[in-house]
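Hi,

Here is the structure I promised to pass on. Have a look at it first, and then read my notes below.

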Amino acid sequence: MQQATKFIHAGVEPDPSTGAIMTPIFQTSTYVQEAPGKHKGYEYARTQNPTRDQLQKALAAAENGAYGISFGSGLAAIDTLLKLFNPGDEIICTNDLYGGTYRLMTKVWERYGLKFHFVDLTEPSNIEPFLNERTRMIWLETPTNPLLRILDIKEICHISKERNVLIAVDNTFASPYLQNPLDLGADIVMHSATKYLGGHSDVVHGCLIVNKEELAQQLYFLQNSCGAVPGPQDCFLILRGLKTLHVRMQRHCENGAVIAKYLREHPKVETVHWCGFEDHPNYEVAKAQMRGFGGMMSFTLKNDSLEAAYAVLSSTKLFSLAESLGGVESLIGHPASMTHASIPREERLRNGLADSLIRLSVGIEDANDLVRDLEKALA
Ligand SMILES: *Cc1c(COP(=O)(O)O)cnc(C)c1O
């Protein structure tokens, strides 16, 4: 089945009790049993909910996976995943990652005895010195946030193949439209569905998608035991978002290319980070593992001061100054004081995240209107 058909149909059946073509919002906490223990497969809504079931199937299908597990947020998904591990276990992570993930790992999970190594994985062999008998997982985010570096998922899976190590990929930036990590050898895909999957900036949601049954059963056990489950209305909104993912992503990619090229030619702009440039250091990997380059990018100004960056950030009209990404509307943000403020400044600078860096989530408005908006702000 082609992607466009899959995003609309896969995993979703009309409601068996009414024929409703769109999955109803089952706003209930419990289900009536005919006799003790005799029920229709639903007992209590933390454990099972029909709206969530349909979404989990649709998400699994979107990533070419077998099992989807949904959560109340992207971070709830990562938090639950980390409960697979025991004190003393080690996890190797890319060093250019979402600030909230870094905070969850270092401020919460280190207290419970997990050990994290943050490593530049744009060079896959950098993993090797950190792999040992306690390594349990490699955590990847690609394209990375906010520098749009690309990690070679296939190569990293190949290096760690002989070991008993799970490979997990935060696929939020690419979305299943552009990249399917399970097909490249990963064991776990994670999404903040708050972003491109929902697509309309009206819901917070997260998910994990896997192929191996045993791993899925462990994660369903943790989903139910720890209880960070999404509400049915949120599940409905993600189901609806998923149906237009391909048309939205096509436009995000087209507009992204227009804006990235425009910024690169602009006399006041120093560097543009976007993985669709042929001279991007990881362009070949991006071309091989992605179907397009998306609408996320970041840039610095020739005048590398906070004041100059703040002037741009507060002058755009169509690009709204806000955290988050992946919605139909364009957003502009300042990682150092917004999404990445939870990473210490020295750590940020070491990873190449300048104070003046500006991040764009290019939406699906008219590209010329977006260019004019940036033109005025840069002037
Ligand atoms: C937003 C985001 C998260 C966290 O997801 P929430 O839904 O906000 O909890 C994780 N990773 C990436 C790349 C994100 O952009």
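Asp355 and Arg345 meet through their side chains in a salt bridge, 2.7 Å from N to O. By salt bridge I mean a side-chain nitrogen of Lys or Arg within 4 Å of a carboxyl oxygen of Asp or Glu. Asp355 sits in the loop between H12 and strand E12 (358–361) and Arg345 in helix H12, so the pair ties together parts ten residues apart in sequence. Arg345 is partly exposed, at 43% relative accessibility. For these labels, buried is under 20% relative accessible area, exposed is over 50% and partly exposed is in between, with a 1.4 Å probe and protein chains only.

Before you go further: this is a predicted model, where local features need pLDDT of at least 70, side-chain atom pairs count only at pLDDT 80 or more, and totals for chains, interfaces and linings use all residues. Residues are numbered from 1 along each chain as its sequence is written, and side-chain values use heavy atoms, with hydrogens and water left out.

Back to the charged pairs. The structure holds 13 salt bridges. Another of them joins Glu90 to Arg134, with the closest N and O atoms 3.1 Å apart. Glu90 is in strand E2 and Arg134 in the loop between E3 and E4, so this pair links parts that are 44 residues apart in sequence. Glu90 is buried, at 4% relative accessible area, while Arg134 is partly exposed at 38%. Glu133 comes in here as well: Glu90, Glu133 and Arg134 form a network of salt bridges.

Then there is Arg372 with Asp369, whose side chains meet at 2.9 Å, N to O. They are three residues apart in helix H13 (residues 367–378), which puts about one helical turn between them. An α-helix has 3.6 residues a turn, so residues three or four places apart point the same way. Both ends are partly exposed: Arg372 has a relative accessible area of 45% and Asp369 one of 35%.

Now for the inside. Seven of the ten residues of helix H4 (residues 99–108) are buried, so the rest of the structure largely encloses this helix. Those buried residues are Gly99, Gly100, Thr101, Tyr102, Leu104, Met105 and Thr106. They pack against several elements, among them helix H3 (74–82), strand E2 (90–94) and helix H12 (345–350). Contact here means heavy atoms within 4.5 Å.

You'll find Gln179 in the loop between helix H6 (175–178) and strand E6 (188–192), and it is buried, with a relative accessible area of 0%. Leaving out residues up to four places away in sequence, Gln179 touches Glu63, Thr142, Ile153, Asn171, Ala174, Gln289, Met290 and Arg291.

Finally, the whole protein. It has 13 helices and twelve strands; these are DSSP runs numbered from the N terminus, helices being H or I with at least four residues and strands E with at least two. The C-alpha trace spans about 75 × 50 × 35 Å along its principal axes. Of the 379 residues, 56% count as buried. Among contacts between residues at least 6 apart in sequence, 73% join residues at least 24 apart.

Happy browsing!
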